[in-house]
Amino acid sequence: MSAETPVESARKIARGELAPGCPVHAGADEVWHVQDFAGARSVLRSTETRQAGFGVENAVKLEGRMRMPVLYRDGPEHREHRRQTAKYFTPRRVETAYASLMDRLAEEQCETLRRRGTVDLSQLSFRLAVAVAAEVIGLTESGPGMARRLDRFFEEKESPNRLIRSWKEIRSNANMALFFWRDVRPAIRSRQEHSRDDLISHLLSEGCNSGEILGECVTFAAAGMITTREFITLVAWHLFTDDELRAAYTQGDEKQRVAILHEILRLEPVVANLARWTTAELRTGDATIPAGARVDIGVAAANMDPAAVGADPGAVCPGRSLGDGVGDAGLSFGDGPHRCPGAYIAIQETDIFLTKLFALPGLRMVRPPKVGIRKEIASYELTGLMITAGG
């Protein structure tokens, strides 16, 4: 099969060479590639794999000296942690504990736009995402600037210039230290005195030390703040450039709006590729992947597999007819043991903010965003989408 995408696509983000539905195969680098939906889902659901990517290769060097963040764990320990923390992400919890907060924070960001006239949407969406995730995690004793500290910590460090790379690494480490001292440490101390119903309190009850809690906070910050910021900005970009889609979103009820969000996310997964190591021989489709193999799961490709998502897989078509067991967002939230626990929060947060934003009179895009790719997690980064309202 050709390595080029065999269908027309309305994607904003170029994802390079894709082959949706291509049979599972090993590349010249001995990495196994999965780009069909059924195969991708089976690998993600398999218990005969372990996490790869996301820096896990460096993290495991500390194994035995400290407990790994949940992102890097597998097996019974991982399942038990997910079971105990699932309560923080249920739809009921979102509605009772976070919905009013999301509403207030979204209104605050809209007020910032009204006051300033023209703003970078990624900055508004990041402040919102940071504040919501901080509430879930328990980072509620921070002083000003947590969003800025995290943004600098997670900034892209790739550069052809060695000195620039070194400087970015130093600044990133400095902001990690600041994040601990100004955000994580005050939260830990507060919860050591008075436990609350949040993630940090739960980690303390399990006997986690400060370094282990910092690791979990960074993991959840990346999952709950960075990815949500990018998705909010991407959806807005689609709505600004598609009048029909914008009308459907702004005039639709919540169910219709959520369907649009899921469909855009299916087409434009924030993280385009996931990786696993096989721990035993794994059969998928007509292929047998040997034990100890690295598997690249092409989420962006699998989400366009016509066998799973029907005709015109590259089009934005909310409410499209899907195959049995195929979720509205495809595999964009992952699947299996490591499926994103904050999926419902991310969609609700995005909908609340964009509903308020696109209700503003005279809202328009002044300049489209610059697109970057964070190679270490195969995610996009959108900056400089300038918007204005009124006038």
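## Helices and a sheet in a predicted model

Start with helix α5, residues 121–137. At 1.5 Å a residue, its 17 residues should span 24 Å, and its end C-alpha atoms are 24 Å apart, which agrees. This is a predicted model. Most of α5 is covered: 13 of its 17 residues are buried. After α5 comes glycine 138, with a positive phi near 110°.

Now the sheet. Strands of a sheet pair through backbone hydrogen bonds, either parallel or antiparallel. Here 5 strands form an open sheet with mixed pairing, in the order β1-β2-β8-β5-β3. At the edges are β1 (25–26) and β3 (49–52), and each pairs on one side only. Strands β2 and β8 run parallel, joined by 3 bridges. Tryptophan 32 stands opposite valine 295 in β8.

Helix α1 lies across β2, β3, β5 and β8, and runs at about 130° to β8.

| Element | Residues |
|---|---|
| Helix α1 | residues 37–45 |
| Strand β2 | residues 32–34 |
| Strand β5 | residues 273–278 |
| Strand β8 | residues 294–298 |

How do two helices pack together? Helix α10 (residues 243–251) and helix α11 (residues 254–267) pack at about 135°, with their axes 8 Å apart. That angle makes α10 oblique to α11. Which residues meet? From α10 come Leu245, Ala248 and Tyr249; from α11 come Arg257, Ile260, Leu261 and Ile264. By class, this contact has 6 nonpolar residues, 1 charged residue and no polar ones. An α-helix has 3.6 residues a turn, so residues three or four places apart point the same way.

Technical notes. Residues are numbered from 1 along each chain as its sequence is written. This is a predicted model: local features need pLDDT of at least 70, side-chain atom pairs count only at pLDDT 80 or more; totals for chains, interfaces and linings use all residues. Side-chain values use heavy atoms; hydrogens and water are left out. Helices (H or I, at least four residues) and strands (E, at least two) are DSSP runs, numbered from the N terminus. The expected span of a helix is 1.5 Å times one less than its number of residues. Buried means under 20% relative accessible area, exposed over 50%, partly exposed in between (1.4 Å probe, protein chains only). Axes are lines fitted to C-alpha atoms, for helices over the stretch in contact, and angles run from 0 to 180 degrees between N-to-C directions. Angles under 35 degrees count as roughly parallel, over 145 as roughly antiparallel, 65 to 115 as roughly perpendicular and the rest as oblique. Contact means heavy atoms within 4.5 Å. Ala, Val, Leu, Ile, Met, Phe, Trp, Tyr, Cys and Pro count as nonpolar, Asp, Glu, Lys and Arg as charged, and the others, Gly among them, as polar. Two strands pair if DSSP finds at least two bridges between them.
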